[in-house]
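Trainee: I would like to learn how to read a fold from its overall numbers down to single side-chain pairs. Could we take one model and work through it together?

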Amino acid sequence: MWAHQYGRQTMTWKQDRGGSRVDRVIDDYHLTIGDAGSDVELGQSGKMNISFGRGGSDVLTGGVIDDAFWGGRGADFLLGGNGMNYLDGGAGSDVLLGGAMDDTLRGGDERDLLSEGDGHGDIEGGKGDDILMGGRGADAFVVDRDSGNDIIYDFKPGPGMFDHLALRDISPEELRFEETAFGTRVSWNEGASSVLLVGVAKSELAQNDFMFTDDRYLLQPADASADRLQATSFAKEEGGDVSAPAATGATDPSAAYSFDDFDVKYGSARADTFQATGDRDVFFGLAGDDKLFGGAGEDHLEGGAGRDVLDGGDGGDMLKGGDGADKLYGGAMADGLMGEAGNDTIYAGAGHDMIDGGTGNDRLNGGDGADAFVVRPDSGNDMIFGGFDAGPGAFDHIAFEDILPNQVSVQDQSNGVLVSWSTDTGKGSVLIEGVYAADMSQDDFMFSSVEGGAFVNNPAITYAGTDLLFI
């Protein structure tokens, strides 16, 4: 079904498994939608590339700006290039390659190869037996009860928060440790799922190599011959799991595409309201003060210019505010939330979230679950007003990008601890309300640009939680 409304330039497009391809530029985005065959989509270097491979074995490549790719069915090749990219392989045995910055990589149900490249990546292979590589920089390798039997080729272990396993819906007592000729195999779910840490000996593993994303646990050291470990629980309710105020009605999109399990909509220069559908929502507000709502699926919402409100709802969502003072609500499960330019407010909600306020002075709330609060030299002066569970046990942490340990200072204020930095390229800070230096541990600080390393500028910060596990 095609429709075109003259004057407002409204376009809708319905497609099931067949139909023609789409290749068009909408504002700052280059949108491509494949068909049932094998497609090759080459990204435009000056645009944000949004590509859907759909059926067949597709090749989707990006440029120098943030890109988002969904491979769909078939054995796909996704190359993000530079920028902060989102790559979702979908069904089939896929190859996903990130680039020079922080990327989110998601495999599917079959055997995938995921390589994040530089930056602080969030890497999840899915249910198949996958090969995972983080590249340079600190990475979170996300696994759950049904992750299959994965292989990680460049896991950097040891004291100092850096590469880590982010264990979702897995309890500490389930873990089994086995040293093999190729490295250490960590298994769970009665051996049905595992990761092989290639080249890593049991004796190299430390407490902060293991993050339990739902509640804070600290594995306790044991004899070198042990194959399982005890854990101390620090579980608590962090709160902050709120949703955006409901908005009634919906505006007509300037462009809309519905296919497979996706609904794609683009707004206009006015204030748009897009309500959640029963599919995976991929919404772009463009200009104007927009309100974009996702549903139960894995949604992708980008506000663009203006004072936008984005609510991901349930499911693992990606939310990007764009220019302007935006409000982002992640909802349940693991989300990626980027405020970008402007003074933003972010409620990450439950789950293992990646929170990046961007430039501007932002207000951040991690909610329940383990979260990474990403800061850079030009991040501004932010405030974390909830959802930061400090202390021993890899959990909530500040992830420093292009900031070194000796460029950071920590000082108590009347209402919390002020973490500030000064580099050749910028200065900034983050105030953590209700948390003080004596509450914090080394694993509350991740320096993504170096291979581990301790924060040493405040003696009140404990080293507890950084011990080697097998002694």
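Trainee: What share of the contacts in the protein chain with a separation of 6 or more comes from residues 24 or more positions apart?

Mentor: Keep in mind throughout that this is a predicted model. Among contacts with a separation of 6 or more, residues 24 or more positions apart account for 33% in the protein chain.

Trainee: How many helices and how many strands does the secondary structure come to?

Mentor: The protein chain has 0 helices and 44 strands. Its radius of gyration is 22 Å, close to the 23 Å that the globule rule gives for 471 residues, so the chain is as compact as a globular protein of that length. Taken along the principal axes, the C-alpha atoms fill a box of roughly 70 × 50 × 40 Å.

Trainee: Which parts of the chain does the salt bridge between Asp39 and Arg21 link?

Mentor: The side chains of these two residues meet at 3.5 Å, N to O. Asp39 sits in the loop between β4 (29–33) and β5 (40–42), while Arg21 sits in the loop between β2 (10–15) and β3 (22–26), 18 residues apart. Asp39 counts as buried at 5% relative accessibility, whereas Arg21, at 37%, counts as partly exposed.

Trainee: Where do Arg106 and Asp122 lie?

Mentor: Their closest N and O atoms are 2.8 Å apart in a salt bridge. Arg106 lies in strand β12 (residues 104–106) and Asp122 in strand β14 (residues 121–124), so the pair ties together parts that are 16 residues apart in sequence. Arg106 is buried, with a relative accessible area of 14%, and Asp122 is buried at 4%. Both belong to a network of salt bridges that also links Glu124, Asp144 and Arg168.

Trainee: Are Arg376 and Asp356 buried or exposed?

Mentor: Both are buried, and they form a salt bridge whose closest N and O atoms are 2.5 Å apart. Arg376 is in the loop between β38 (371–375) and β39 (381–386), and Asp356 is in strand β36 (residues 353–356), 20 residues apart.

Conventions. Residues are numbered from 1 along each chain as its sequence is written. This is a predicted model: local features need pLDDT of at least 70, side-chain atom pairs count only at pLDDT 80 or more; totals for chains, interfaces and linings use all residues. Side-chain values use heavy atoms; hydrogens and water are left out. Helices (H or I, at least four residues) and strands (E, at least two) are DSSP runs, numbered from the N terminus. The radius of gyration is taken over C-alpha atoms; the globule rule is 2.2 Å times the number of residues to the power 0.38. Contact means heavy atoms within 4.5 Å. A salt bridge is a side-chain nitrogen of Lys or Arg within 4 Å of a carboxyl oxygen of Asp or Glu. Buried means under 20% relative accessible area, exposed over 50%, partly exposed in between (1.4 Å probe, protein chains only).
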